[in-house]
Amino acid sequence: MSTNNLQSCKRKKFFHGHGRQSSSIDDLGLDILVYEILIRLPAKGVGRSKCVCKEWLSVLSTRHFAMMHCRHISTSYNQKFIAIDSRLCSVFPLSCEDSGPLLNSRILLSFEAPWNKVNILTSFEGLLCVCFRNTGKLVIWNPLTRAFKEVSSSNSRGLYKPKSDAIGLYVDKTDDYKLLHIKRRRGRMWVHVYSSMFDSWHKITFANKLRCWRGKPIWSNGTFCKGVLYFLVNCFIENKGVMLFGFDVESERFRLKTFPHAYYDGNLVVVHKELHVFVTHGLPNWTVDLWRMEGESWVKLWVFPCIQPPIILSCSITHITSTGRFLVVSNDGVANEIDTTKKGVDCFLPLVWFHGLQGAIYTETLSSPDFYFD
């Protein structure tokens, strides 16, 4: 008997003696296969797996699996940058290395609208909230699955006005995706919440008589972290600088939070499930710091190197990876990477330039703007 045949016989006797049959994918069991293996696949891989059999299609199409898959892959390693410019919609992988220009994949809009009439307002768990500039209507959209839902109603709820309104996407403890819309008209404020589960709006009570609402305070769009939707509010007219408000999604109440500096600007970002803020301050000499919220206080983590003019101004700052790298996109469409592990101007790496940029950090998921899947 040859050496190979002898080893084969030994393996068969070993498995037989331990009650083990020849391994196959069926031996794993559907639960282990789905929740230990398939849940780790990229969203596109899950889509292809639905074609294996009817049983897989049924399980992988449930809302329960989609929510668990989303929580599992929603890490900085899976983030991409989605951009709508004056010509097309593209998704860029966030592999920001010195290896040349980023390669992008094209995306078709799921709804009828010209490219230059669509604004990306915010992104959360693979869902984008976009606004149509010509009508002000709000749409929740998953670019991967192409599912979308218009949330505007005939009584003007969900009609967005740039520079006056603010929105925030979040999920509550019942896994209901919700959209909070802050609307300001003629010095007054209204706050409404849209539920994708019930396809309805309800009103939130908010103090309209605070002095800081007089004039034209500028609200950022919401950043969701640990059950709270955070908003930065610039109130220069009342000489209050920047204030931070937190909307507790369970109690549906706003609370004023502490902010690292009393004046000027900031950009909120979630890093490793913790709230961080880039703070720009110090007129006439600009200084930019990175802070992390710990409880009700803030801890300074990093100070930007001084460059002129400050690249951080008029930019949105979003976390990319766990290695200290961030994406900075200016209002004129220039994207740069900031590497906090480097010093001086070496920490700024130019990436790509867009025409008439509208973009957001984006993770491909199976999340749906509808409560029920097709």
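Modeller: Glu364 and Lys44 form a salt bridge, with their closest N and O atoms 3.9 Å apart; the term denotes a side-chain nitrogen of Lys or Arg within 4 Å of a carboxyl oxygen of Asp or Glu. This pair connects distant parts of the chain, 320 residues apart: Glu364 belongs to the segment after β25 (358-363), and Lys44 to helix α3 (residues 43-49). Helices (H or I, at least four residues) and strands (E, at least two) are DSSP runs, numbered from the N terminus. Glu364 is buried, its relative accessible area being 13%, whereas Lys44 is partly exposed at 43%. Here buried means under 20% relative accessible area, exposed over 50%, and partly exposed in between, with a 1.4 Å probe and protein chains only.

The model is predicted: local features need pLDDT of at least 70, side-chain atom pairs count only at pLDDT 80 or more, and totals for chains, interfaces and linings use all residues. Residues are numbered from 1 along each chain as its sequence is written, and side-chain values use heavy atoms, with hydrogens and water left out.

By the salt-bridge rule, the count comes to 11. Side chains of opposite charge can pair when their charged atoms come close.

Another of these pairs is Lys178 with Asp172, whose closest N and O atoms are 3.2 Å apart. Lys178 is buried, with a relative accessible area of 11%, and Asp172 is buried at 10%.

In the salt bridge between Lys226 and Glu274, the closest N and O atoms are 2.8 Å apart. Because Lys226 lies in the loop between β13 (223-225) and β14 (228-235), and Glu274 in strand β18 (residues 274-281), the pair ties together parts that are 48 residues apart in sequence. Lys226 is exposed, with a relative accessible area of 59%, while Glu274 is partly exposed at 27%.

Salt bridges also link Arg71, Glu125 and Asp175 in a network. Glu125 sits in the turn of a hairpin formed by β4 and β5, which have 2 residues between them, and has a positive phi of about 50°. Strand β4 (residues 118-124) is largely enclosed by the rest of the structure, because 6 of its 7 residues are buried. Strand β5 (residues 127-132) runs antiparallel to β4, and 6 bridges join them; two strands pair if DSSP finds at least two bridges between them. Within this pairing, Thr122 stands opposite Cys129 of β5.
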